Amino acid sequence: VEFFLYDTPKVLMLLVIVVFVVGVIRSFFTPERTRSMLAGKRESVGNVMAAMLGIVTPFCTCSAVPLFIGFVTAGVPLGVTFSFLVAAPMVNEIALVLLYGLFGWKTAAIYLGTGLLLAMVSGWIIGRFHMEGYLEDWVREIQGESGAEPEERALTWNDRIDSGLEAVRTIVGKVWLYVVLGIAVGAAIHGYVPEGFMASMMGKGAWWSVPLAVIIGVPMYSNAAGIIPVVHALLEKGAAMRTV
């Protein structure tokens, strides 16, 4: 009960603050502006920039197809495009701040660094295959027809603050229940699961725990913010950081 009552306001406060700040930051990165920033860049520079933009822009895996077409039609290389699409869902900015708040900067930095590295390397490898020739004809037709982008309306700071508040209403409104449920699960683990059990299943001595965690994690479509409190409880019960 103490774990639940202590963590719930702390995690929800972190969630509201980071979603608001990210909502304001995202108002600077429309799809058109993102495409223009990546178009015409050398591949090595483009991979790095695309991976970093993937963190702060409001796109997820569900946006992959329209984003892919838009980036290709703007002249963004395929490898750079994939660096962006890998980083966008992989590095969750809400999870990043929660990791920092609960576990410190080293854990948050490892999460951020490995996500960026995977996005950059995977995009660079895909770029080496030179797969532009495999684009479908209808994508090439769009590429040939693409014209000038319509002018964007200049946003005021009031508009950007409204964007942050809207992000809090929509995102926190959708995920708060999962976060509270995650804290409840974490509290149950904290209160009832013996430390020796977790140490034997997910501890440093269990060499198979990391690949098993990956296999279990792949089919799970769980909210990152809701999982962090569970991670917190597992660590306190003897699970290894690498596994959680």
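Modeller: Contact means heavy atoms within 4.5 Å, and helices (H or I, at least four residues) and strands (E, at least two) are DSSP runs, numbered from the N terminus. With those terms, K10, V11, L14, L15, V18, V19, V22 and R26 of helix 1 meet E93, I94, V97, L98, G101 and L102 of helix 6. This is a predicted model, in which local features need pLDDT of at least 70 and side-chain atom pairs count only at pLDDT 80 or more, while totals for chains, interfaces and linings use all residues. Residues are numbered from 1 along each chain as its sequence is written, and side-chain values use heavy atoms, with hydrogens and water left out.

Biologist: By class, how many residues of the contact of helix 1 with helix 6 are nonpolar, polar and charged?

Modeller: Ala, Val, Leu, Ile, Met, Phe, Trp, Tyr, Cys and Pro count as nonpolar, Asp, Glu, Lys and Arg as charged, and the others, Gly among them, as polar. The contact of helix 1 with helix 6 divides into 10 nonpolar, 1 polar and 3 charged residues.

Biologist: What is the overall make-up of the protein chain, in helices and strands?

Modeller: The protein chain has 12 helices and 0 strands, and among its contacts between residues at least 6 apart in sequence, 81% join residues at least 24 apart. For accessible areas the Shrake-Rupley method with a 1.4 Å probe is used, and for residues only the protein chains shown count as cover. The accessible surface of the protein chain comes to about 14,000 Å², of which 69% belongs to carbon and sulfur atoms.

Biologist: At what angle do helix 1 and helix 6 pack, and how far apart are their axes?

Modeller: Two packed helices are described by the angle between their axes and the distance between the axes. Axes are lines fitted to C-alpha atoms, for helices over the stretch in contact, and angles run from 0 to 180 degrees between N-to-C directions. Helix 1 and helix 6 pack at an angle of about 135°, with their axes 9 Å apart, and that makes helix 1 oblique to helix 6; here angles under 35 degrees count as roughly parallel, over 145 as roughly antiparallel, 65 to 115 as roughly perpendicular and the rest as oblique.

Biologist: In which hand does helix 1 pass helix 6, right-handed or left-handed?

Modeller: A crossing is left-handed if the near helix is turned anticlockwise from the far one by less than a right angle, and right-handed if clockwise. Helix 1 passes helix 6 in a right-handed crossing.

Biologist: How do the axes of helix 6 and helix 12 cross?

Modeller: The axes of helix 6 (residues 93-103) and helix 12 come within 9 Å and cross at roughly 25°, which makes helix 6 roughly parallel to helix 12, and this crossing is right-handed. On the side of helix 6, I94, A95, L98, L99, L102 and F103 take part, and they meet A224, A225, I228, V231, H232 and L235 in helix 12. By class, this contact has 11 nonpolar, 1 polar and no charged residues.

Biologist: And at what angle do helix 1 and helix 12 pack?

Modeller: Helix 1 (residues 2-26) and helix 12 (residues 224-236) pack at about 140°, their axes being 11 Å apart, and they are therefore oblique to each other. The contact is made by F3, D7 and L15 of helix 1 and by A225, P229, H232, A233 and E236 of helix 12, with 5 nonpolar, 1 polar and 2 charged residues by class. Helix 1 passes helix 12 in a right-handed crossing.
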